[in-house]
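Have the sequence and the model open while you read.

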Amino acid sequence: MWTIPNILTTLRVFLIPVFVIVYFLDWKWAHQAAAFIFWLAAITDWFDGYLARRLGQTTAFGAFFDPVADKLIVCAALLMIIHHYDTVWITVSAILLMSREIFVSALREWMAESGKSAEVRVSFIGKAKTMAQMLALIGLLSELEVFMGIPIYWVTLGKILLAIATVLSVWSMLAYLKAAWKHLVAE
């Protein structure tokens, strides 16, 4: 059970409270440090999957815990940007993103119980959504538009990527639903 990929996934879960606490610390670079911790967690997500396949260390625990870890840290970050930016469109985007995660997880679980999990496997659109979402959250959490006097526009890019992630999220949810629809209405 304690393979390198599973250790990385577990680390990602342990980083959640660290990330949240650092974000709310009362010091100048707290948000940037929290964005870095979130980035580190996002990188472990890529590495644990890569290493599990490369080293032949895929496990039932990893297959279960990896998506749970992803959803937990993303939901924490979405709640934090809702709190900080306090705008309707960021709140609606965050609610759509979280709702999609719950919906697709439930759909995949149901399809797996029906022996049809291959029909709702992760798609390219789903992977693109995840990439846009992670980059958006890093930019929005960092709150950096200017670094050392140089415009970098991370928040602006984060807002654009959040909109893209939201569109891809709804699109991929509808694609998964379409793939599963005939099984959902057959019973």
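1. Start with Val74: setting aside neighbours within four places in sequence, Val74 is in contact (heavy atoms within 4.5 Å) with Phe38, Gln133, Met134 and Leu137. Val74 sits in helix 3, residues 60-85; helices here are DSSP runs of H or I with at least four residues, strands are runs of E with at least two, and both are numbered from the N terminus. Val74 counts as buried because its relative accessibility is 4%, where buried means under 20% relative accessible area, exposed over 50%, and partly exposed in between (1.4 Å probe, protein chains only).

2. A quick word on what you're looking at. This is a predicted model, in which local features need pLDDT of at least 70 and side-chain atom pairs count only at pLDDT 80 or more, while totals for chains, interfaces and linings use all residues. Residues are numbered from 1 along each chain as its sequence is written, and side-chain values use heavy atoms, with hydrogens and water left out.

3. Next, have a look at His31, in helix 2 (residues 30-54). Is His31 buried or exposed? It's buried, at 18% relative accessible area. Its side chain makes a polar contact of 2.4 Å with the side chain of Glu143, and also reaches the backbone oxygen of Tyr23 at 3.2 Å. (A polar contact is a pair of N or O atoms within 3.5 Å; within protein, one must be able to donate a hydrogen and the other to accept it, and residues adjacent in sequence count only if both atoms are side-chain atoms.) Not counting residues up to four places away in sequence, His31 touches Tyr23, His84, Leu141, Ser142 and Glu143.

4. You'll find Glu143 in the loop between helix 5 (124-142) and strand 1, partly exposed at 26%. Its phi is positive, about 60°, although Glu143 is not a glycine. Most residues other than glycine have a negative phi.

5. Asp86 is worth checking too: its phi is near 50°, again positive in a residue other than glycine. Asp86 is in the loop between helix 3 and helix 4 (88-113) and is exposed, with a relative accessible area of 64%.

6. Last, Met148. Which loop holds Met148? The one between strand 1 (146-147) and strand 2 (150-151). Met148 is exposed, with 72% relative accessible area.
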